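Subject: The structure for you to look at

Hi there,

Here is the structure I promised to pass on. Please open it alongside this email, and then read on for what turned up in it.

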Amino acid sequence: MATVAEPSADLGLGPNIASANRQLPAVASYEQVNDDIIGTLRPTKAWFAGLSVAILCLLIGAAAWMWQIYMGLGVAGYTPPVMWGVYIVTFVFWVGIGHAGTLISAILYLFRAGFRTTIYRCAEAMTVFAVMTAGLFPILHLGRPWKFFYLIPYPNWRLIWPQFKSPLVWDVFAILTYLTVSTTFLYIGLIPDLAAMRDRETHPVRKRLYSVLSLGWRNSDREWRHFARAYLFLAAFSTPLVLSVHSVVSFDFAMSLVPGWHATLFAPYFVAGAIFSGIGMVFTIIIPLRRWFGLKHYVTINHLDAAAKLCLFTSLVVGTAYLTEFFIGWYGGSEVEHSFWYTRVFGQWWWAAWIMLICNCVLPLTLFSQKLRRHTTWLFILSIFINLGMWFERFVIFEPSLSHEFEPWQWTAYAPTYIDWAILLGSFGWFSMWFLLFIKNLPVVAIAEVKEIVPPRLTTTHPPFGVPEPSPDRVDVEGMHPEYLPETPGERD
Amino acid sequence: MQGIVGVFRTLDSTVEAIHALRKLRAGDMTVYSPAPRHELEHALDHGPSVVRRFTLIGGLLGASFGYWIPIWISDYWPLVVGGKAVPSWIPYTIISFELMVLIGSLATVAGLFANARFPRITMTVGYDPRFSDGDFGVWVECPPERQRDVADTMRKLGAEVRSES
């Protein structure tokens, strides 16, 4: 019935942090979980200020879009043959951001990685809003956006017949499936938490709203039994979906013959990059949240440490992909690829390539240091660099390739205009607006799943069935390891 | 529907109550807990959830539909690319995979709703808001003549008991 695995009695091998086998020592009871997490939902002045800034950014982007519709797509800085500019870069950037959410919520769930429990809700919400943001860009890229439904591949009488052998059609299916399944996964996980909010709410309108959203959930054994199984299958479906979606996005490029794009490496390269960028964005979001919401005893340093290791691993995978790509360009024997590779790394686009390499490959190496993995300020700063580096990764993939194709007479330059930058800013405003609305209306930490890892109240002093006795040589018997106290020595922020 | 609901403060007393009530053969039992617990699962000893069948059927239907729709469309309006076969199963596998995931996931949710019996319009009897906070609960549906035995059993294990109908 439970969604987490039964604890193993085998504690023979453990991490090198004494407290890491105890998930949430500073959380004593189920009631505390409700109090702490539902207590974060009260809006504050800082939240209203943040929401105002997000809406302002969105309005700037919307104004730029209106101007683009009025003037035509030429204002967006396209210079033939570079007809995919910042919009495709930002589209792939946001799809990539959306990947870590499902990685953390689904893949780490199947692998029973305990550190996901307190961060996955934020990551899932981030996924849904990031894919919603990405979905805007194919429409923003249209001269006549009111005809956007022409893009949807269904049989019609407009003489635009879907070509199912085209990667762009695969992309529509992949992105829409991903958006639907991610949203479903998020909502299904929220149902027990909405019921907890319903039962605490006193305001009649909000109570009614939560009642409707929780679908009459009652925490019964029948509900939990089927819920746990359904959640497992949704996670099992989401796992290959994560891998497939960015592979399909990479096929948009890899299926062409453009130098720099036509590579079998692209699918794993894109997937690893997407997960890496998503984890970066998770850090950007979760580190301020745990501080502002007073949730340091839920999202602990141990959880961030584990997530930082995942970040380091994906950075190494991405770095290997860059080196492989460069090696193929240098050693592959194709004059076109060699010329393109030189232009990208040492020529016209060197500045973008080196921003990418430093942010994505060099700076994350600092995470080999345990001290830095547990330093929240550094993790936050690093996450900003990762976001920047991953945006530039997509820029380096798309723009140099289009501007340096086979024929020298086609070679050109490309520079984004203020319209591109305004729409990029607007996309961050759109994403932030939804996320800010989410964090003050729905729980940012999964209440029911956190309760699963909090010891239940017992009449007797012995642990319940299946829960092993704490090992005294690894954790303190009081369950209050110094690392979890408010002034924790491992945390400098 | 009438019966007895007991509110328990602790998990182990809830588990003991389940064992005692099953021994008593008191009637249909529903157990409430703020979070899913393996201890309750072992005590109730239910079989595996049938949601998996919905998942399997949904996944197979989605995969089949994902092959059928592009094959049908290709055949209906042939677009020959590079002299290759009009219905080409390799690229269509991507469509099939995506629809397998999509329809399989939605079928899983439908299976959850059908088997867990929600959306529920009313909360009916036998529920207490404390079950989503920190307390555990047992609802036993039984006729009035059995209610005294059930209530006594629950009270002995420290439950707060009330009769509902």
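A term to start with: a salt bridge is a side-chain nitrogen of Lys or Arg within 4 Å of a carboxyl oxygen of Asp or Glu. In general, side chains of opposite charge can pair when their charged atoms come close.

Before the findings, some housekeeping. This is a predicted model, where local features need pLDDT of at least 70 and side-chain atom pairs count only at pLDDT 80 or more, while totals for chains, interfaces and linings use all residues. Residues are numbered from 1 along each chain as its sequence is written, chains are lettered from A and ligands numbered from 1 in the order in which they are written, and side-chain values use heavy atoms, with hydrogens and water left out.

Salt bridges within the chains

Over all chains, the structure holds 21 salt bridges. In one of them, B:Arg162 pairs with B:Glu164, with 2.6 Å between the closest N and O atoms. B:Arg162 is partly exposed because its relative accessibility is 28%, and the class runs from 20% to 50% relative accessible area, with buried under 20% and exposed over 50% (1.4 Å probe, protein chains only). B:Glu164, at 17%, counts as buried. Shared partners join B:Asp128, B:Arg130, B:Glu160, B:Arg162 and B:Glu164 into one network of salt bridges.

In chain A, A:Asp305 and A:Arg373 form a salt bridge of 2.6 Å, N to O. This pair links distant parts of the chain, 68 residues apart: A:Asp305 sits in helix H9 (residues 301–331) and A:Arg373 in helix H12 (residues 370–373). Helices here are DSSP runs (H or I, at least four residues), as are strands (E, at least two), numbered from the N terminus. A:Asp305 has a relative accessible area of 3%, so it is buried; A:Arg373 is buried too, at 9%.

Chain A as a whole

Chain A has 15 helices and zero strands, and 58% of its 493 residues are buried. Where does A:Tyr78 lie? A:Tyr78 is in the loop between helix H2 (45–71) and helix H3 (86–110) of chain A. Its relative accessible area is 12%, which means that A:Tyr78 is buried. The side chains of A:Tyr78 and A:His141 make a polar contact of 2.9 Å. (A polar contact is a pair of N or O atoms within 3.5 Å; within protein, one must be able to donate a hydrogen and the other to accept it, and residues adjacent in sequence count only if both atoms are side-chain atoms.)

Where the two chains meet

How many residues of chain B are in contact with chain A? There are 72, and they touch 66 residues of chain A, contact being heavy atoms within 4.5 Å. The two chains bury about 6,200 Å² between them, 66% of it on carbon and sulfur atoms. Buried area is the accessible area (1.4 Å probe) that two parts lose on being put together, summed over both. On the chain B side, B:Pro36, B:His38 and B:Glu98 lose the most area to chain A, together 10% of what that side buries.

Four salt bridges cross this interface. B:Asp135 and A:Arg457 meet in a salt bridge, 2.7 Å from N to O.

Enjoy exploring it!
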